[in-house]
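These are notes for a colleague who is opening this structure for the first time. Please read them with the model on screen.

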Amino acid sequence: MTNAPYNLAELNSALASSLFSGKLHYFPDIDSTNTTAMQAASARAEEGTIFLADQQSSGRGRNGHSWHSESGTAILVSIVLRPRIAPAQALWLSLMAGVAVHEAVANTCGIACDLRWPNDLLIGKKKVCGILTEISADAEQLRYAVIGIGINVNQHSFPPEIALLATSLQMETGKEWSRAELLIALLKSLEAGYQRALLAGNKIVIPRLEQISSYLRRKRVHVDEGGGYEGVTEGLDERGFLRVQTAAGVRTVISGGVREAK
């Protein structure tokens with residue numbers, strides 16, 4: 001099953017009545033699904049357009065990090081969305097996507113991931129999924145967003161440089177999983193979460209995050225931004241940004257990476 005190709009007819013059938021119906025684009029190999037999706041969105045690709053790949057040569061994570069890709073073993077997907085929101089509200093898209101991945105993995109594989117704010121899903125202390133949300137906006141309104149999701153599904157191992165940091169669903173369970181089944185569950189959860197969040201934004205997303213993430217409260221963390229600092233997390237503000245109590249007072253994390261402090 002590990003290297004089994006996607007059955008595109010099966011995927012299109014499963015998505016027939018969804019936001020993504022008839023909008024799936026598949027690539028055996030691509031430089032980056034997010035790059036391709038951003039280019040397509042700029043050229044007026046419809047909301048719900050999906051770019052799916054078996055392998056990426058230049059996959060990207062947040063803050064310029066690369067994303068390891070082994071052919072046929074991961075879910076590598078980017079989705080174009082066009083919510084009519086202000087740019088300052090865009091963080092809830094990443095947070096909503098994290099909730100969707102958590103739900104899909106729990107419902108499909110029976111594994112409860114932890115969410116490390118804002119965009120990493122962990123099993124134990126190892127990363128199993130990363131999310132990269134990119135936007136185009138003017139001063140007042142977001143034009144479009146692309147949510148890129150990479151889930152390690154059936155990898156048996158990782159390169160030495162990331163072996164202590166990354167894991168896969170197969171490595172955690174000893175079982176190979178259907179990427180198609182998990183992808184369908186993910187997209188259905190993402191659509192449902194997106195429609196709910198369009199109505200209420202972070203009022204819907206934040207309470208759910210509080211249930212699934214150990215990082216939002218009472219976690220001692222190291223934050224990369226601002227020269228680096230440590231503190232204890234104190235939940236999210238109304239925009240979805242992480243608040244950290246430090247010796248100098250409460251600081252709000254805007255874009256820096258967050259790690260559990262040693």
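1. Tyr26 is partly exposed, at a relative accessible area of 25%. Buried here means under 20% relative accessible area, exposed over 50%, and partly exposed in between, with a 1.4 Å probe and protein chains only. Tyr6, at 9% relative accessibility, counts as buried.

2. On the source: this is a predicted model, in which local features need pLDDT of at least 70 and side-chain atom pairs count only at pLDDT 80 or more, while totals for chains, interfaces and linings use all residues. Residues are numbered from 1 along each chain as its sequence is written, and side-chain values use heavy atoms, with hydrogens and water left out.

3. The whole structure holds 3 aromatic pairs. Rings of Phe, Tyr and Trp (its six-membered ring) pair if their centres lie within 6.5 Å; planes under 30 degrees apart are stacked, over 60 edge-to-face, and the rest tilted. Tyr6 and Tyr26 make an edge-to-face pair, 6.2 Å centre to centre with 75° between the planes. Tyr6 is in the segment before α1 (8–14) and Tyr26 in strand β1, so the pair ties together parts that are 20 residues apart in sequence. Helices (H or I, at least four residues) and strands (E, at least two) are DSSP runs, numbered from the N terminus.

4. Phe27 and Phe51 form a stacked pair, 6.4 Å centre to centre with 20° between the planes. This pair links strand β1, which holds Phe27, to strand β2, which holds Phe51, 24 residues apart. Phe27 is partly exposed at 27%, whereas Phe51 is buried at 6%.

5. The charged end of Arg179 sits over the ring of Tyr6, 4.2 Å from its centre. The criterion is NZ of Lys or CZ of Arg within 6 Å of the ring centre and within 35 degrees of the ring normal. Lys219 likewise lies over the face of Tyr215, at 4.7 Å from the ring centre.

6. How do the strands around β2 run? Strand β1 (residues 24–27) is joined to β2 by 4 bridges and the two run parallel; strands pair if DSSP finds at least two bridges between them. His25 stands opposite Phe51 in β2. β2 and strand β3 (residues 74–81) pair in the antiparallel sense over 4 bridges, and Ile50 stands opposite Ile79 in β3. In β2 (residues 50–53), Ile50 and Leu52 point one way and Phe51 and Ala53 the other, and all are buried.

7. The largest nonpolar core has 68 residues, of which Trp117, Ile149, Ile151 and Leu169 touch the most other members. Such a core is a set of buried Ala, Val, Leu, Ile, Met, Phe, Trp, Tyr and Cys residues joined through side-chain atoms within 4.5 Å. Helix α3 (residues 91–109) gives the most to this core, with 12 residues. Another core, of 9 residues, lies apart from it and includes Met38, Ala40, Phe51 and Val80.

8. Some backbone points deserve a check. Most residues other than glycine have a negative phi, and most peptide bonds are trans. A cis peptide bond joins Trp117 and Pro118, with omega about -5°. Arg44, not a glycine, has a positive phi of about 75°; Arg44 lies in the loop between α2 and β2 and is exposed at 74% relative accessibility. Arg218 also has a positive phi, about 60°, and is exposed at 72%.
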